[in-house]
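Reader: Hey, I've got a protein open on my screen and I'm a bit lost. Can you walk me through it?

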Amino acid sequence: MSIRNFSEDTLTAEVLRRMENTQDPRLKEVMTAFVKHLHAFVREVRPTQEEWFTGIQFLTETGHWCKDGRQEYILMSDTLGVSMLVDFINYGKTAGATESTVLGPFFVEGAPDLPLGANIARPGTPGEPLSVTGTVKGTDGKPVPGALLDVWETGGDGFYDVQKGEGTNLRARFTADADGKFHFKCVLPVSYPVPHDGPVGRMLTATGRHPMRPGHLHAILSAPGYDKLVTHLFVRGDKYLDSDAVFGVKDSLIVDFRKQPSGEYAAHYDFVIKRSGSK
Ligand SMILES: [Fe+2]
């Protein structure tokens, strides 16, 4: 067979053959699967030239929308369910350990370290006041003293600080005390739309989907010797729990946010983290 006159049936094998000398075995595995699936997708869809170019334009535009405070590719991955799939594969499920969920596009490295009890919401931030308490434990039930809790959320207006460009707000890091306990103040999470004024928003609209996420508080828990846990606490009763635009809801992460006689809301959650290397 000539190695120049490829057909729809022989081209894929030739592309794979040319990558046979890839030195890195994992890269070879990834690229081989990528080419196979991409070719299979094109064979199934049989795009016109115009359609293929529309796809390329969509990806190009998605890249152009990425800037500080806006990561359109994470949004695409989240809304197509890929972020949760990667999460399922990597974090898995460990008996007794708190479940993980998506990181989302609004985490910011290096949030301020605040003392236990501090309010992560600047004065004047919209939203109902909320007090959060809890502990960090291992799967053996013992507290994890000094565990680091990184939290972030939107204000009552449904926007993260990075979307408003008004400096750091509604995000902080707390260190659990000697008993693994933590407490801090913030605002009651509200349901909010993922940013939908860009290409991902057009995709959601075109496929008949809404952009809403149920109210949630983001948390990352970490401690030496333990796997990092990326998770949320969801507000029980939120009307978007069954149709989260990024598929992140897990029953075990739905929590009561109860209004107290003082008018302040309160939520409690005991996080259970797992030792590194445990299944
Ligand atoms: Fe979020």
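This is a predicted model: local features need pLDDT of at least 70, side-chain atom pairs count only at pLDDT 80 or more; totals for chains, interfaces and linings use all residues.

Reader: How many helices and strands does the protein have?
Author: Its secondary structure comes to seven helices and 11 strands. Those are DSSP runs (helices are H or I with at least four residues, strands are E with at least two), numbered from the N terminus. Residues are numbered from 1 along each chain as its sequence is written.

Reader: OK. What box do the C-alpha atoms fill?
Author: Roughly 80 × 40 × 30 Å, taken along the principal axes.

Reader: And what share of the residues counts as buried?
Author: Of the 279 residues, 31% are buried. A residue is buried if 20 or more other C-beta atoms lie within 10 Å of its own, exposed if 12 or fewer, and partly exposed in between, with C-beta atoms placed from the backbone.

Reader: How do H4 and H7 pack?
Author: They pack at an angle of about 25°, with their axes 9 Å apart. That makes H4 roughly parallel to H7. The H4 side of the contact is Glu72, Leu75, Met76 and Thr79, and the H7 side is Pro199, Val200 and Leu204. By class, the contact residues are five nonpolar, one polar and one charged.

Reader: Got it. What comes after H4?
Author: H4 is followed by Gly81, which has a positive phi near 80°.

Reader: Which residues have a positive phi without being glycine?
Author: Arg46 is one of them, at about 50°, and Phe247 is another, near 65°. Arg46 sits in the loop between helix H2 (25-45) and helix H3 (49-64), while Phe247 is in the loop between strand S8 (229-235) and strand S9 (254-255).

Reader: Is Arg46 buried or exposed?
Author: Exposed, because Arg46 has 8 other C-beta atoms within 10 Å. Phe247 has 18 C-beta neighbours inside 10 Å, so Phe247 counts as partly exposed.

Reader: Switching to strands. In what order do the five strands of the open sheet come?
Author: S3-S2-S7-S8-S9, with mixed pairing. Strand S3 (171-175) and S9 stand at the edges with a single partner strand each, so one side of each has no neighbour in the sheet. Two strands pair if DSSP finds at least two bridges between them.

Reader: How do S2 and S7 pair?
Author: Strand S2 (residues 148-152) and strand S7 (residues 216-222) are antiparallel over five bridges. Val151, for instance, has Ala219 in S7 as its bridge partner.

Reader: What does Ala172 touch?
Author: Leaving out residues up to four places away in sequence, Ala172 touches Ala111, Pro112, Leu114, Ala118, Ile120 and Val151. Ala172 lies in strand S3 and counts as buried, because it has 21 C-beta neighbours inside 10 Å. Ala172 and Ala111 are 61 residues apart in sequence, yet 5.0 Å apart in space, C-alpha to C-alpha.

Reader: Last one: what order do the four strands of the other open sheet follow?
Author: S4-S1-S11-S10, and the pairing is mixed. Two bridges join S10 to strand S11 (residues 265-273), and these run antiparallel. Look for Arg258, which stands opposite Ala266 in S11.

Note on methods:
Two residues are in contact if their C-beta atoms, placed from the backbone, lie within 7 Å. Axes are lines fitted to C-alpha atoms, for helices over the stretch in contact, and angles run from 0 to 180 degrees between N-to-C directions. Angles under 35 degrees count as roughly parallel, over 145 as roughly antiparallel, 65 to 115 as roughly perpendicular and the rest as oblique. Ala, Val, Leu, Ile, Met, Phe, Trp, Tyr, Cys and Pro count as nonpolar, Asp, Glu, Lys and Arg as charged, and the others, Gly among them, as polar.
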